[in-house]
Amino acid sequence: MEILIIGAGAMGGLFGAMLGPFAQVRLCTTNAEHALAINRDGLLLTGMDGALRRVPVTALTDPAQSDRPADLILVCTKARSTEAAAQTARQLLAEDGLTLTLQNGLGNLERIAAVVGPARAAAGITAQAATLLGPGRVRHAGVGPTVLAAAPGQSGQSGQGGKIAAVAELFNRASVETRIAEDGEALLWSKLIVNVGINALTALLRAANGALAQVPECERLMAQAVAEAVAVGQALGVNLGPEDQLDRVRQVCTLTAANRSSMLQDILRGRPTEIDVINGAVVAKGREVGVAAPVNALLTQLIQALEATASQRI
Ligand code: PAF
C-alpha cells in the first residue's frame with residue numbers, strides 16, 4: 001500500500017516508523033531539517049523497550065515532489081493546518097484512495113471531506129503516544145488502541161467499509177492495535193471529551209495528565225468540563241453509549257499519567273494551541289443547541305490569554 005503521512009510530528013513520525021516495514025511510506029513535512037535527516041538516515045524510532053530501530057522512509061517538503069498517488073493518506077497535522085493538508089490530499093490521493101484523520105478536535109473530518117469528497121474521507125482516533133526527540137528521531141511513549149470509522153453516512157457507501165478494513169488489517173500487522181467502530185461521529189466525540197477534560201487543564205496547571213485524576217481540586221474542574229461536553233453531545237444527538245464519560249477520561253489520565261498533553265507541549269513551546277477545536281468547539285456547538293458551557297468558555301479564554309502573553313511570561 002502507498003501511504004502518505006501529512007504532518008511528521010510525534011504521531012506522524014510514530015505511524016511512519018511503525019508502518020514503514022509493511023508499506024511504501026512517505027512523510028510530508030514543512031520542517032526541512034527533519035526531512036533532510038529522514039531522507040539521509042531514515043526514521044530513528046526508540047521503541048517502548050528502549051531499542052533503537054532505523055526505518056527507511058522518504059520525506060517530502062513539497063507535495064509537488066511526489067511522483068505517484070497514495071492509496072492512504074494519514075492526516076496527522078495540528079487542526080490549524082487541516083485545510084492545507086486537505087488540499088495536499090486532493091492532489092496526491094489515488095482516485096479510489098482514502099484520507100484518514102488522526103487529529104485532535106472537532107471539524108477536521110468535515111473539512112477534509114469537503115475537499116477530497118466524503119467517500120474518500122474517514123475518521124480515526126488513537127491512544128498511541130509518541131515524542132519527537134529531534135530531526136528524524138521519534139520515541140514510542142505509550143501503547144493504546146487505534147479506532148477507525150467511516151465518515152457519517154458513508155459506511156455502506158462507495159466501498160469505504162472495505163478500504164477501512166484493509167487499513168485496519170495493515171495497522172494490526174504493523175503492531176498498531178486497531179479496531180473498527182460503526183459510528184464515526186460518536187468516535188470523534190469520544191476523543192473530543194478526553195481532550196476537553198485533559199488538554200486545557202494540564203496546559204494551565206503545567207502538570208502531567210496523571211495530576212488531574214490524583215488531585216481532587218483538579219478532578220472537580222475536569223468533571224465540570226466533561227459534563228458540559230457530554231450535555232452538548234447528547235443535545236446534538238451523538239450516541240455516547242452507556243459508559244460513564246468521566247470515568248473514561250479518568251482512566252486515560254491514569255494510563256497516560258506521565259504524559260505532557262499536546263496542549264501543554266504547545267504552551268511550553270510558545271506555539272498556538274488547538275483550544276478552538278476542543279473546548280472552544282464545545283462552546284460553539286452548545287450555542288447551536290442552546291446548551292451553555294461556561295466552564296469550557298472560561299478554559300478557552302484562559303488558554304487564549306496564555307497564548308497571547310507567551311512572550312511576557314515571568
Ligand atoms: O492531546 C493529547 O495529548 C492526547 O490526545 C491525550 C489523549 C490527551 C493524551 O495526552
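Modeller: A pocket here is an open set of grid points with protein on both sides within 12 Å along at least five of seven lines. The model is predicted.

Biologist: How much space lies in the second largest pocket?

Modeller: The volume is the space filled by probe spheres set on the grid points. For the second largest pocket it comes to about 250 Å³.

Biologist: Which residues are the closest to the centre of that pocket?

Modeller: The second largest pocket is lined by 15 residues. By class, seven of them are nonpolar, four polar and four charged. Those closest to the centre are Leu 106, Gly 107, Glu 110, Trp 189 and Lys 285.

Biologist: Which helices each supply at least two residues of the lining of the second largest pocket?

Modeller: The lining draws at least three residues from each of domain 1 (2-182) and domain 2 (186-312). The helices that each give at least two residues are helix 4 (108-116) and helix 6 (184-205).

Biologist: Turning to the ligand, which class has no residues in the shell around it?

Modeller: The ligand is surrounded by Asn 104, Lys 191, Asn 195, Asn 199, Asn 209, Asn 259, Ser 261 and Ser 262. Seven residues of this shell are polar and one is charged. The class without a residue there is nonpolar.

Biologist: Which helix gives the largest share of the shell around the ligand?

Modeller: Asn 195 is one of the shell residues. The largest share of the shell is three residues, and they come from helix 6.

Biologist: How much of the accessible area of the ligand does the protein cover?

Modeller: Side chains reach oxygen atoms of the ligand with N or O atoms at 3.0 Å for Asn 195 and 2.9 Å for Asn 209. For Ser 262, a polar side-chain atom lies 2.6 Å from a ligand oxygen. On its own the ligand has 280 Å² of accessible area, and the protein covers 85%.

Biologist: Now the cavities. Why does the largest cavity lie between domain 1 and domain 2?

Modeller: The structure holds two cavities of 30 Å³ or more, and the largest has about 40 Å³ of space. Its lining is Gln 103, Gly 105, Ile 125, Leu 188, Lys 191 and Leu 192. The cavity lies between the domains because residues of its lining come from both domain 1 (2-182) and domain 2 (186-312).

Biologist: Which helix gives the most to the lining of the largest cavity?

Modeller: By class, this lining has three nonpolar, two polar and one charged residues. The most, three residues, comes from helix 6.

Conventions:
Residues numbered from 1 in each chain as written. Predicted model: local features only at pLDDT ≥ 70, side-chain atom pairs only at ≥ 80, totals over all residues. Heavy atoms only, no water. 1 Å grid on protein atoms, 1.4 Å probe; cavity = no way out; pocket = protein on both sides within 12 Å on 5 of 7 lines; lining within 4 Å. Helix = DSSP H or I, 4+ residues; strand = E, 2+ residues; numbered from the N terminus. Nonpolar A, V, L, I, M, F, W, Y, C, P; charged D, E, K, R; others polar. Domains from an automatic or database assignment. Near = heavy atom within 4 Å. Polar contact = N/O pair within 3.5 Å; in protein donor to acceptor, adjacent residues only side chain to side chain. Areas by Shrake-Rupley, 256 points an atom, 1.4 Å probe, with all protein chains shown as cover.
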